[in-house]
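User: Please examine the model shown below and answer a series of questions on its fold, its charges and selected residues.

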Amino acid sequence: MSGQRRRYRSFTVTADLEPDAEPITFAMACCVCGATGPESTDPDLSSAWVPTHLKHRPEHLSYRETVTRPYRAIPGPWL
């Protein structure tokens, strides 16, 4: 459409620390079999799953932590 103007805006992307933000969560996963422990807002609770998994699968020695952290885009000036 002719005559239409486009304006661009800058944004800053940052961790969402607002009171209504989703919580930061942690979960552990076994890199050998892909099993995952429970997701928790407490990293110590999520990692507590590893010894339980090791008890049943003592040869599974590699794990991965997944952290889910909310972010937000904050509008800046129009360019």
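User: Which pattern does the protein chain follow when read along the sequence?

Analyst: The model is predicted: local features need pLDDT of at least 70, side-chain atom pairs count only at pLDDT 80 or more, and totals for chains, interfaces and linings use all residues. Residues are numbered from 1 along each chain as its sequence is written, and side-chain values use heavy atoms, with hydrogens and water left out. Two helices and four strands are present in the protein chain; helices (H or I, at least four residues) and strands (E, at least two) are DSSP runs numbered from the N terminus. Their order along the sequence is β-β-α-α-β-β.

User: What percentage of the residues in the protein chain is buried?

Analyst: Buried means under 20% relative accessible area, exposed means over 50%, and partly exposed lies in between (1.4 Å probe, protein chains only). Of the 79 residues in the protein chain, the buried share is 22%.

User: Which two side chains meet in a salt bridge?

Analyst: Side chains of opposite charge can pair when their charged atoms come close. A salt bridge is a side-chain nitrogen of Lys or Arg within 4 Å of a carboxyl oxygen of Asp or Glu, and the structure holds one. Its N to O distance is 3.5 Å, and the partners are D16 and R72.

User: How many residues apart in sequence are the parts that the pair D16 and R72 ties together?

Analyst: D16 is buried at 15% relative accessibility, while R72 is partly exposed at 34%. D16 lies in the loop between β1 (9-15) and β2 (25-30), and R72 belongs to strand β4 (residues 71-78), so the pair links parts separated in sequence by 56 residues.

User: Is A27 buried or exposed?

Analyst: A27 is found in strand β2. Contact means heavy atoms within 4.5 Å; not counting residues up to four places away in sequence, A27 touches G37, P38, E39, S46, R64, E65 and T66. With a relative accessibility of 15%, A27 is buried.

User: Which residues does E65 touch, not counting residues up to four places away in sequence?

Analyst: E65 is located in strand β3 (residues 63-68) and is partly exposed at 42% relative accessibility. Its C-alpha atom is 9.9 Å from that of C31, although E65 and C31 are 34 residues apart in sequence. With the residues up to four places away set aside, E65 touches F26, A27, M28 and P43.

User: How far apart in space are E39 and P77, C-alpha to C-alpha?

Analyst: E39 lies in the loop between β2 and α1 (43-47) and is exposed, with a relative accessible area of 57%. Apart from neighbours within four places in sequence, E39 is in contact with T25, F26 and A27. E39 and P77 are 38 residues apart in sequence, and their C-alpha distance is 38 Å.
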